[in-house]
Amino acid sequence: MNKGVVFWIGCFVFLFYGAVAVCAPILAPYDPYAITGPPLKHPDSEHPLGTNATGQDILSQLIYGTRVTLLVGFCAAAISCCIGTLLGIETGYYGRIFDEVVMRIIDIVMTIPLFPLLLVLTLFFTPGIFTTAVLMGVLGSTRGIRVIRSQVISIRHATFIEGARAIGEKDHQIMYRHILPNILPLVTVKFVSSMQHYLLLGVGLSFLGLGDPMVIDWGQMIEQAYSSGGFALGLWWWLLPPGLAVVGISLALALLGYSSEEIINPRLLVNRL
Amino acid sequence: MWGLYIGRRLIYSGIAFFISITITFFILHLMPGDYITNYLLSLGTVLPQETIDEFHRQFGLNLPLTDQYLLYMENILLGQWGYSYQYSVPVLPLILDKLFWTLIILLPATIMGILYGMVLGAYSGWNARSKRDLSLFNVMIIVRAIPSYWWAIMAILIFGYSLSLFPIGGYTSISILYSGIDPVDVLYHAFLPIAVLTLTITAGNYYLMRNSMISVIGEDYITTARTKGLSENSILWHHALKNAMLPVVTVAALQCASIVTGSIFVETVFSWPGLGLLTTEAIRARDLPLLEGIFLLDTFVVIVANIVADLLYPLIDPRVRAGGDE
Amino acid sequence: MNTLGLLQKCRTNVPVFLFIAFIIALCVFSGCINEQTPELPATHNIAQPSGTDVVIPVDLPSDLISSNVITKKKGVPAGSMIYEGLVTKNRNGTYEPALAQSWEVSDDAKTWTFHLIHNATWHDGVPVTSADVKFTYDYLKENNLTMGFVLSDVSSVTCPDDYTAVFQLKNAYSVWPDRLAQSPGIGVYPKHFFENITDPKTYKDTEFIGTGPFRFDKSEPGYVRVARNEEYHGEKPEVSGVILKLITNKDSQVLALKNGEIDVIRDITPAVAENLLQDPDIGICIVPGTNGYEMGLNMNQYPTNLSSFRQAMSHTVDRSTICDILGNAHPTETTYLLPEVAGEYVNPAETGMYNYNLTMARDELLQAGFFQDEKGTLCGPDKNPVELIMPLGGKASTGTVDEKIVTVLRNNWETLGITVKIAKYDDESQYRKAIDKGHVFIDAMPSILHDDPDDLVNFAVTPLKNKNYYNFNNAEFNSLTDSVRNTINKEERKQIGYRMQEILSEDIPTVPICNIDNYVAYRKDRFTGWEKLLEYSEIDNPTVLSSLRPVTTS
C-alpha cells in the first residue's frame, strides 16, 4: 500500500539531511563564518549560491545550517517526549491524587500563552540553541503527557498487568518493563511529529531574530535574506534555498509521522463492510 | 446537576486563573533587564541615577516583590491594569486597539479555517482511502509541512512583488489620512495575510477532522446504522458528523484562544502591527505593565474558551450530558 | 512492490506532483523576474499623498507620535518637527538659534543668558515668552518627569523680561548648550497649556502644541501627519506637510521607495544603495561619519588590565579589511575624537599609533611575557591560555556591524593564539553588566559624542559618574575633565584636550576602529534639497525637511 513507500521516502530524505549535517565540513566549500567574497554576489562558479550581505558563502551556510536546525528539533523533541513519557506513565499508572495534582498543574501552565512565555523564559538563561531546545521541549511536553497518560490508563487494567502485579512485581518494574514497551510505538510517532513541530518552531524563532545569533541556521538565513537586501533586491538564491530546505525536512518528517502512525494505530485503517 | 457542574467549573477556572497570573507576575518581574535604564541608554551614555530611582519609585519597582504583587492584585480587582512604560497610556485600551487589528486578519481566517478544515476533513475521512481522499490528503500534508512564515514570504514575493496584485504590507494605504478608514482598502491589504492564515489553520483542522471521522466510521453504531438500512447521507449527517466533530470542537475553541501567538509570523512578514508585534516589542523593552496585561488577557481568554468548549461538548454529545467529569 | 503498483500510485499522486511542480515553478518564475529588477507599475493600486507631503518611513509603532510628549524626548520623531528647543547644533559643531536668537555665558561658565526671538508663537496662536522657558524647567522638576534629567545641571531659572531667560548652573559647564541641543536635547513646552494639567505622566495629549515648523494634523493607525505651520517664526517649509508611515521591515521600506509610496529611506547598506542607483528616479546621499566604532578594553580584568597587553592588542585591528567588509566605513586613526566633527580639537600628534601590525603585536606580547605553546595557543606568564570574553550588544549591534567587525578581529586574534568567547545580549542593561565581566567590547556612539574635548568625560571618573565601562581611572585625566568643563576659552580647551588625548594614547583604554557613513536614498522625482542631510544627518530633522522643495512636473 501507499504507506510503505511513503515511509521509505520520508526515511530516506531524513537520513539524507542527517548525512549532510554530519558531513558538513567535507561538503561545504568554505567556512560558513569566513568572509570569502564580496557581499551580495550573484551565483557563479566560485559561490554556487552567491554570498550574503557580509560576504559569507550561502551554500556553505546552508550546509552547516542543517546541523543546528536538526539538532534543535531533535533535542526539543527528545526532551518533550522523555518528560511526556515519564509523567504520562507515572500519572497514568498511579492515578488518584498524584494524577489529579499533576493534571491540574498542567492545566494551569497551559493557560499561560506558550509563545510569549517561551520568549520571556529564554531571557533568563544565556542565549543558545540548547536553551531554546530545552525550553521548547519542557513547555511543549504538556500535550504529550495527556496523550500518553490516556494510553497508559487503558493498558493499566489489562490482564497481563494484573498478572504481573499478582506475582509480586514492583510498580517500577511493571511500568518500565511492561507498560513502556507497549506505548513505545505511540511515543515514537509522537517523537517524529514533535520533531517536525519543534524544528519549524526553532526556525521560526530564529526568523523572528530570537535564536542564537552565534550559530548559523536556516531561520536566521531567511531572516537575513528577508531584511538585508535579499527581499528588496529580489535575491531569490539567498531567500529560497533555506526555505526550501526547511520545507524539505518538514515534509520528510511529516511523511514519516503519518506513515508510522497508520502502522501503529490500526483504528485509522478503515473498516468497510 | 447541570448547575452544579457549571458552578464547579467556574470555581475551578477562577482558581486556575488566579494561580496562572500569579506565576506570570513573578516570572515577568524576575526578568533581567530594566526599561528605564535601556531607555536612558538609548538617549546617550550618561545614566542619571536619580531619574532611574524616581522611575522605579513611581512604578513601585523599589518595593519588595511580594508587596508589588499584592498591589498588582489589588489593582487588577479594581480594574486598573496600569500604564505602559513605552507608550504612557493605559494598558487595556492599548491592547484592545492592537487586538482589533490582529482580529481583522485572525478572526476571518480562524472561522474559515475551521469550517474548511471540518468540511474537507469530513469529506476526506468519509471517503477514506479513495483516490479523492488520498490526493487531498497528500496536498494537505504538504500545506501543513510548510511553515506559516514561508507561506507568507512566498505570498508576498509572488503576489505582492512580482505580480503586484497586492500591497507588500501595512494596514491601509495613505488614503487613510485624507478620507478616513476605507474598509475596502483594509480588506485589500488584509487579503494575503488572511489567505495565508486560513491555509495553515485549515490544514490542522483537516487532519484532526479526518482522523476523527475515520475513527467514528469504525464504530459499532455506524455499522449498526448501515445494517438498519439508513442511507449513506443520513448516516453521514446524523451520526458520523456529529460525533466526529467533538474533538475538533474542543480544539477549535482552544485555537480561538491563541490570539496572541496565532499570527506573529504573518504579522511580521506583512508588516501588520498587531498584538504579536506589540508583545515582542514589549518583551524587548521590558514593558512590564503591558506584558502583564497581555498575559492576563490571553490567560483569561484561554480559560473562557476552555469553559465554552466544556459547555459545548455536552450539547453535541448527549452521552456526556449526564454530567460526568471526564 | 511491483512496477504496476508503483505506476498506479503515481497516477494517484499526479495531482500532488503537479501541485509541487506548480509551487516550484512559481518560485523560479518570481526569481527570474526579480533578476531583471522590473519597473514596478507605480500607482494603479497605491494611493498617492495629496499636496506636496513628504512621506518618511518609521520602523516601530512607538516611533510614531507618543501621546505623552513631555515625558519623552520631544515625542520623537514626529515631535521633533512640532517642538523646538532654545538652540540646535549642526554637524560642524556650530550652535544655531532656534527659539533663542542669541546667548551669552558668564566668565565662570555658570550663568547662561538666552535672548528669545520676539515673533515666535505656539501653534494655537499664543506668543512664546521666557515664562514658557522657566515653566518648562519648573514643570519637569516638580513633576519628576523623566526628561528632567537634561536640566539637572540647572539650579535656577530667572526671567528679567519677557524675552530673556537666565539659567544658573550648579557647576561650571562650558558646553552646556550641547545638552539643550542634542545630548539629548530638550524642547520648550507651553505654559498656558500644561499649567492646567496636573498629572502629565498619564495625560493623553491630542493637540501637541509646539512652536516648530510643522504642527500636528492627525494620527491614524500606521500613519501620522504633521502639516506646515503657516505662522512659523523662521523659514517656512515649502512642503505642505510630512507623513510618517509605519513599515516594520527594512526591505519592505526599500520596496516602498521603489514603488513611490515613500520619499526617502535611511540606513541602507551600500549594496542596496548601489542597486537602487540603477533607478533613474532614485538618488543617494552619503552622510559621512555618523557613528564611531571603537574596541573598548576592560582595565579591571586580566589580561586586559596589563598595559603591555593592551599595547599589543592596539596593533591587531585590521581597519582596511573591516572597512572593506562594512562597505561604508572609514578608518579612525585617532585616540577618540573624530576628525570630521571635532576639527582642530583632534591632537595631531596622537594619530596613527594604533596601526595594524601583527608582527609588532606578536613581539610586544612576547616582551610582555606571553608566548605561544606547541599548539599555538597564547599563554600568559602564569602559563594559562589566554581567553578573551567579548559581549556583543548595545548600539554597536544595529545592522550587525559589531558582528562583522568581530569576524575580522577574531581571525587575527586566532593567528596570535588567542581564543575568543562571544555572547550576544539583546537587552542593553544586561549587555552593560556583561561588559564589566568581559575583556573586550565593541561600542558605537553617534559622532556628535566625539566632537568635543568635553566628550572625553567618557573615560573619566567624576563625583557624578563614579565608573566608566573601561574602568579607566587616571587622576590627572579626571582633573583635566573638570578643567575642560570650566574653561570657556577655545584655545585653552584645545590644549587641555590635547593633553587628555596624550594620556589616552599612553594607557589605551580603547582602540577606535572606524566611523561609518549613513546611506540615504531618496526619490529625485518628488523633492529636491536632500543634500541638507550632509549638515544635519537625520531625515526627520526639521531643518532638512524645511529645506525641501517639491519637484515641479513641467
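How many residues of chain A are in contact with residues of chain C?

## Where A meets C

The count is 24 residues of chain A in contact with 24 residues of chain C; "in contact" means that the C-beta atoms, placed from the backbone, lie within 7 Å. Helices α1 (2-22), α9 (218-227) and α10 (236-264) of chain A each supply at least two residues of the side that touches chain C, and α1(A) gives the most, with three. Helices (H or I, at least four residues) and strands (E, at least two) are DSSP runs, numbered from the N terminus.

By class, that side of chain A has 15 nonpolar, nine polar and no charged residues. Here Ala, Val, Leu, Ile, Met, Phe, Trp, Tyr, Cys and Pro count as nonpolar, Asp, Glu, Lys and Arg as charged, and the others, Gly among them, as polar.

## About the model

This is a predicted model, where local features need pLDDT of at least 70 and side-chain atom pairs count only at pLDDT 80 or more, while totals for chains, interfaces and linings use all residues. Residues are numbered from 1 along each chain as its sequence is written, and chains are lettered from A and ligands numbered from 1 in the order in which they are written.

## Where C meets B

This contact takes 57 residues from chain C and 47 from chain B. On the chain C side, the largest share comes from α1(C), with eleven residues. That side divides into 25 nonpolar, 22 polar and ten charged residues.

Take a look at strand β5 (residues 111-116) of chain C, where the side chains alternate.

β5(C) pairs in the antiparallel sense with β4 (residues 100-105) of chain C over five bridges; two strands pair if DSSP finds at least two bridges between them. C:Glu104 has C:Thr113 as its bridge partner. Five residues sit between the strands of this hairpin, and C:Ala109 takes a positive phi near 60°. β5(C) also pairs with β7 (residues 164-169) of chain C, again antiparallel and over five bridges, and there C:Trp112 stands opposite C:Phe167.

## An open sheet in chain C

Four strands of chain C form an open sheet in the order β1-β10-β9-β8, with mixed pairing. Its edge strands, β1 (53-58) and β8 (214-220), each pair on one side only. β8(C) joins β9 (residues 223-228) of chain C in the antiparallel sense over six bridges, with C:Phe216 opposite C:Val226.

Terms used
A residue is buried if 20 or more other C-beta atoms lie within 10 Å of its own, exposed if 12 or fewer, and partly exposed in between; C-beta atoms are placed from the backbone. Two residues are in contact if their C-beta atoms, placed from the backbone, lie within 7 Å.
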